[in-house]
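Biologist: I have a new model open and want to go through it with you. Plain answers, please.

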Amino acid sequence: MDLSTLLERCCSGDELAWEALVRQFQARIYGIAYHYVGNAEDARDLAQEAFIRIYQNLATGPDEERFLLWIITITRNACIDHLRRKKTRPPAHDIAAGDLLTLRAPGADPSQQYAADSRKRLVHCALQQMTDLNREIIVLRDIQGLTLEEIASLLCVPLGTVKSRSNRARIELAHKLAFLRSELAGGAVS
Amino acid sequence: MSCSRFIRILADFQQGKLLSEEQMAADAHLAHCPACRRLVEIAQGRIDILPESGRDELTRSILDRTSGPSCPRAESSLWEFAGGELSAGDSQMIALHLDHCSACRAIAGDFDEIQRVLPEIAGFEPDGLFTRDVLCATSGAKIPDSKFVIPDENLSIGSQKSRFGNRIQTAWHRIVQRPCFSLEAAYVGTLVLLVAFSPFLPIRKTVFDRIPAAASQPSTYLLSTWSNTQSPISDGLCKFALALGTRDQAIADSLSRLVTCYERPSGSTLSRRAQRISEWRRREAGILATFLMRLKFW
């Protein structure tokens, strides 16, 4: 079923259509959230929060052409709210290392999914070491495949800024990757 | 024709612009001058006398003195180069640069790998309960706790108590984690401090007005006030000093004995005891005075 029909049915209150929509986009939303917060459990909560916001605003949402940008914007806003809250108010108490295992969300951690593929693991680690600004550009531009114009409108910055920032972000990613690779090689030698 | 004359006309010689007499003279010179023959071959590019190791250095030094390093320009196109999105001419120039620049070559190699990997990590499938949780949340239904699923009938009293404790703990954390909690706590704390230590309150005013006098001349003040057992300020000071004197066991013991003496009845039948009490009072007053002097210098 194409996206426009799915959206129409969702707006008319079809639960099955909504479930299909959730299943279609949940991996993407969860992936975006994970790249923003770098934590599987927080990413799960944020993805859920994003879907709730999407559901609440579905009737006033855009058409199918801009739907992807719309849901990415909602997810990004949820992630930024979360990061801002976290920065303002860190956890009131430390969680014991043993409790973390029991508190972890019952799905496989994305970083564990990379364990089998060293290339993905390496790129994932390099992404996590990047600055927030550059990582966001990489996530939006090269992972989610948004156009420069879409990113400019999403981030509310000029197109030229997005272009130059995108280039810098890619260079930084390449440098981080090279650094990690050299560290790995050094570790293997030692 | 001399060698210097030939070098002067070398450019015209290569382009074939010499007159016939000059051309014949140049050919005759080349026939018997191996140095000029080599010069012609170098000028025509048939012989390369620049060593391989020195070429990059020469290029770099020329670029440094002219346009500057070309690496930033190359880096800006490496992503498109790795993705095959550049025009043929640009690709050729980038390839030429990469042949001689190891740093850019490494970045290009990384870009190639990154471009293959990034689309593969665009999405992750969350756990199986995620969709159910989203559907429950959007339909308004109650979401069962997917992390700690414990059947109610199996709960013991102890675990019910712990659940109650957990609920209180959760509620407390929710209160504490509100953004305005710090402001509220500061407000309440300020009110408590004002009520407890405000000099404008009548009771506190009487007590706190007398403390400086007691601290400036403690022995005189204490001896004069302790003779009057009805004076509330002497008892108040005594208890205050007792509370502070718990750090020093000797002072604490002396003060507690002093308070006990105050509480004991005195009369004509206990004249000897009253005398002893009076001595005690003087001695303990000295100790307390010393203690208050310490307090004064804190």
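Biologist: Which residues does Gly31(A) touch, not counting residues up to four places away in sequence?
Modeller: Leaving out residues up to four places away in sequence, Gly31(A) touches Ala122(B), Gly123(B) and Phe124(B), where a contact means that the C-beta atoms of two residues, placed from the backbone, lie within 7 Å. Please bear in mind that this is a predicted model, in which local features need pLDDT of at least 70 and side-chain atom pairs count only at pLDDT 80 or more, while totals for chains, interfaces and linings use all residues. Residues are numbered from 1 along each chain as its sequence is written, and chains are lettered from A and ligands numbered from 1 in the order in which they are written.

Biologist: Where is Gly31(A) found, and is Gly31(A) buried or exposed?
Modeller: Gly31(A) lies in helix H2 of chain A, helices here being DSSP runs of H or I with at least four residues and strands runs of E with at least two, numbered from the N terminus. Gly31(A) counts as buried because it has 23 C-beta neighbours inside 10 Å; the cut-offs are 20 or more other C-beta atoms within 10 Å for buried, 12 or fewer for exposed, and partly exposed in between, with C-beta atoms placed from the backbone. The C-alpha atoms of Gly31(A) and Arg44(A), which are 13 residues apart along the chain, are separated by 9.3 Å.

Biologist: How many residues of chain A are in contact with chain B?
Modeller: On the chain A side 38 residues are in contact with 33 residues of chain B. Several helices of chain A each supply at least two residues of that side, among them H2 (15-37), H3 (40-56) and H10 (159-189), and the largest share, eleven residues, comes from H2(A). By class, the side of chain A that touches chain B has 20 nonpolar, eight polar and ten charged residues, where Ala, Val, Leu, Ile, Met, Phe, Trp, Tyr, Cys and Pro count as nonpolar, Asp, Glu, Lys and Arg as charged, and the others, Gly among them, as polar.

Biologist: Back to H2(A): how do the axes of H2(A) and H4(A) cross?
Modeller: The axes of H2(A) and H4(A), residues 67-88, come within 10 Å and cross at roughly 35°; axes are lines fitted to C-alpha atoms, for helices over the stretch in contact, and angles run from 0 to 180 degrees between N-to-C directions. The crossing is right-handed, a term used when the near helix is turned clockwise from the far one by less than a right angle, anticlockwise being left-handed.

Biologist: Which residues meet there?
Modeller: From H2(A), Phe25(A), Ile29(A), Ile32(A), Ala33(A), Tyr36(A) and Val37(A) meet Ile71(A), Ile72(A), Thr75(A), Cys79(A), His82(A) and Leu83(A) of H4(A). This contact has ten nonpolar, two polar and no charged residues. The buried residues of H4(A) include Ile74(A), Arg76(A) and Ala78(A), and the buried residues of that helix pack against H2 and H3 of chain A.

Biologist: New topic, H7(A): which of its residues are buried?
Modeller: Val123(A), His124(A), Ala126(A) and Leu127(A) are the buried residues of H7(A). Seen down the axis of H7(A), they fall within an arc of 160°, so they line one face of the helix, the arc being that of the directions from the helix axis to the C-beta atoms. The face turned away from the buried side of H7(A) carries the exposed residues Ser118(A) and Gln128(A).

Biologist: What about Cys156(A), and where is its place?
Modeller: Cys156(A) sits in the loop between helix H9 (148-155) and H10 of chain A, and has a positive phi of about 60° although it is not a glycine. Cys156(A) counts as exposed because it has 6 C-beta neighbours inside 10 Å.

Biologist: Last one: how many helices and strands does chain A have?
Modeller: Chain A has ten helices and zero strands, and buried residues make up 29% of its 190 residues. Chain B comes to 16 helices and zero strands, and 15% of its 298 residues count as buried.
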